[in-house]
Amino acid sequence: PDSPAYVMREADDIFYQALRAGEFCYVLNSRQMGKSSLRVRTMQRLQFEGIACAAIDISINTNVSQEQWYVDLIDTLINQLDLFDDFDLDDWWSSYFSLSPMRRFEKFIEEVLLNSINQKIVVFIDEIDSVISLDFKVDDFFAFIRKCYNLRADNPKYKRLAFALLGVATPSDLIKDKTR
């Protein structure tokens, strides 16, 4: 984060201001263009202001089942946002055994994350292009992110939650169902 070789760009401030305002953001570009450095610096600025931030690198869990993928996402959020002492993931996950993995993730965000953290929350999802190689569709995951923004009209808690996707892809690469 303190590298003297880093060159601040106009996009740095735009990205920071948008996330600070709770907007959905994505940075999709080719490799070695500074996306991860941008994430690190932006997280540092947001955390300095008291905004809770979590960074999920999804490139490390691509050879997993759909259930494992969502558990990994939740586990990363728990660890990054210091919820570990207050939350037993195994017990919680098992208590919702009849729900789909995506629905469990949705319940985690609403019932655990948004009730445990009272300040603004930004979730950075790095290497988002890794979803392309998964053996299951993640269209519901992207639909859920959109739903979080739509829920702001009915549930003010969602106004505190923002997502930032970073990776090497185009939006059409990420969602397989073109009607979504």
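Which residues have the most contacts inside the largest nonpolar core? Good morning. Before I answer, two remarks on method. This is a predicted model, in which local features need pLDDT of at least 70, side-chain atom pairs count only at pLDDT 80 or more, and totals for chains, interfaces and linings use all residues. Residues are numbered from 1 along each chain as its sequence is written, and side-chain values use heavy atoms, with hydrogens and water left out.

Now the core. A nonpolar core is a set of buried Ala, Val, Leu, Ile, Met, Phe, Trp, Tyr and Cys residues joined through side-chain atoms within 4.5 Å. Buried means under 20% relative accessible area, with a 1.4 Å probe and protein chains only. The largest core here has 61 residues, and those with the most contacts inside it are Trp 69, Phe 105, Phe 108, Ile 109, Phe 124, Phe 141 and Leu 161. Its largest share, 7 residues, comes from helix H5, residues 101-116. Helices (H or I, at least four residues) and strands (E, at least two) are DSSP runs, numbered from the N terminus.

Let us turn to the sheet. Four strands form an open sheet in the order E1-E4-E3-E2, with parallel pairing; two strands pair if DSSP finds at least two bridges between them. The edge strands, each pairing on one side only, are E1 (25-28) and E2 (52-57). Between E2 and E3 there are 6 bridges in the parallel sense.

Finally, Ser 130 lies in the loop between strand E3 (121-126) and helix H6 (139-150). Ser 130 is buried, at a relative accessible area of 11%. Its C-alpha atom is separated by 6.4 Å from that of Ile 58, 72 residues apart along the chain.

Technical notes. Buried < 20%, exposed > 50% of the residue type's maximum accessible area, 1.4 Å probe, protein only.
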